[in-house]
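Subject: Structure handover

Hello,

Please find the structure below, followed by notes on what was found in it.

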Amino acid sequence: DIPGGERSSTGRWHGLLAIGAFGAIGLAAAQLPRMIFHDHLMPAASLASGWIALLMLACFAAMAIERRSHGGYFGLAERAFYGCTIAWLTVVTILLTIGR
């Protein structure tokens with residue numbers, strides 16, 4: 001949808017799917033440290049995943065705030081979330097591979 005314009009049904013579905021996808025990624029990043037830490041395995045991967053999950057949460061909150069306030073930083077917050085997602089996938093993959 002055009003920023004500031006009326007929301008279409010396609011735009012609403014896009015938003016719901018994005019919330020679901022971003023939420024699932026954030027939940028995975030937040031749950032991994034608990035699972036690893038519980039078994040006392042790979043503390044570096046647990047620590048990294050926990051910090052990146054906090055950054056994802058901050059980005060998600062920034063996106064929600066920007067969406068409501070119609071500020072000009074929604075795209076920046078969204079790209080920061082994508083960066084966190086890529087960082088999480090990369091760092092956790094490397095640390096879990098090294099830890100084997």
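Leaving aside neighbours within four places in sequence, serine 49 is in contact with Ala29, Leu32, Pro33, Trp88 and Val92; contact means heavy atoms within 4.5 Å. Before the rest, some notes on the source: this is a predicted model, in which local features need pLDDT of at least 70 and side-chain atom pairs count only at pLDDT 80 or more, while totals for chains, interfaces and linings use all residues. Residues are numbered from 1 along each chain as its sequence is written, and side-chain values use heavy atoms, with hydrogens and water left out.

Serine 49 sits in helix H2; helices (H or I, at least four residues) are DSSP runs, numbered from the N terminus. Serine 49 has a relative accessible area of 0% and therefore counts as buried (buried is under 20% relative accessible area, exposed over 50%, partly exposed in between, with a 1.4 Å probe and protein chains only). Its side chain makes a polar contact with the side chain of tryptophan 88 at 2.8 Å. A polar contact is a pair of N or O atoms within 3.5 Å; within protein, one must be able to donate a hydrogen and the other to accept it, and residues adjacent in sequence count only if both atoms are side-chain atoms.

Serine 46 is also in helix H2. Serine 46 is buried, at 9% relative accessible area. The side chain of serine 46 reaches the backbone oxygen of proline 33 at 3.2 Å.

Phenylalanine 81 touches Phe22, Met56, Cys59, Phe60 and Met63, leaving out residues up to four places away in sequence.

Last, glutamine 31. This residue lies in helix H1. Is glutamine 31 buried, partly exposed or exposed? Glutamine 31 is partly exposed, because its relative accessibility is 30%. Glutamine 31 and leucine 16 are 15 residues apart in sequence, and their C-alpha atoms are 22 Å apart in space.

Regards

Note on methods: Helix = DSSP H or I, 4+ residues; strand = E, 2+ residues; numbered from the N terminus.
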